[in-house]
Amino acid sequence: MELHFLVLAVLGAVALCGRADKTCEELGFTGLALCSDCDAFAEIVKDQELELDCRKCCAEENEESLSKLTFSGARLEVCMRKLMFYPHVQTFIESKLEKFPAVQAQYRFNASPKLILLDEDGNEKETVRIDNWKTEHIEQFLEQKVKPKHTEI
């Protein structure tokens, strides 16, 4: 499976602006994936209920695919007390986060693990729940979606 396809599959499904509702947002679907990604998503998470949620919340494909969308930075938000229940997220923070200077970890009481994707001004643009993601999926997603931070010389 190509890396690009895998990253899209891991995203899950999400709604475009006109179709977004609280239910999809509460489920962690926020506007980044296409309906065709639900099949691959289902293979990765192996949860029929999540697949159905994906299909309810996804965006129809068009020529300007959302898969090309990138962000200037990201914030990985999680509750420190819950972190031990998400070993892949914990491993990412402890051993992989330093590879991503445009990504910061933030601990917030009672927060489920999520990536908050930011524009060039630091404004929140999208939120993606990562509860069931493996460490390598978080890493691949960030490699595809977050522009590397350029350091001034």
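The protein chain exposes about 9,000 Å², by the Shrake-Rupley method with a 1.4 Å probe, only the protein chains shown counting as cover for residues. Carbon and sulfur atoms supply 48% of that area. The model is predicted: local features need pLDDT of at least 70, side-chain atom pairs count only at pLDDT 80 or more, and totals for chains, interfaces and linings use all residues. Residues are numbered from 1 along each chain as its sequence is written, and side-chain values use heavy atoms, with hydrogens and water left out.

Of the 153 residues, 48% count as buried (under 20% relative accessible area, 1.4 Å probe, protein chains only). Contacts (heavy atoms within 4.5 Å) between residues at least 6 apart in sequence join residues at least 24 apart in 71% of cases.

The protein chain holds six helices and four strands, taken as DSSP runs numbered from the N terminus (helices H or I, at least four residues; strands E, at least two). Their sequence pattern is α-α-α-α-β-α-β-β-β-α.

The four strands form an open sheet, ordered 2-1-3-4, with mixed pairing (at least two DSSP bridges between two strands). Strand 2 (103-107) and strand 4 (124-129) each have a single partner strand, so one side of each lacks a neighbour in the sheet. The twist averages 25° from one strand to the next. Strand 3 (residues 114-118) runs antiparallel to strand 4, joined by five bridges. Leu 117 has Glu 126 of strand 4 as its bridge partner.

Two helices lie across strands. Helix 5 (residues 87-96) lies across strand 1 (73-78) and strand 2, at about 130° to strand 1. Helix 6 (residues 135-145) lies across strand 1, strand 2, strand 3 and strand 4, at about 10° to strand 3. Axes are lines fitted to C-alpha atoms, for helices over the stretch in contact; angles run from 0 to 180 degrees between N-to-C directions.

Terms used: Buried < 20%, exposed > 50% of the residue type's maximum accessible area, 1.4 Å probe, protein only.
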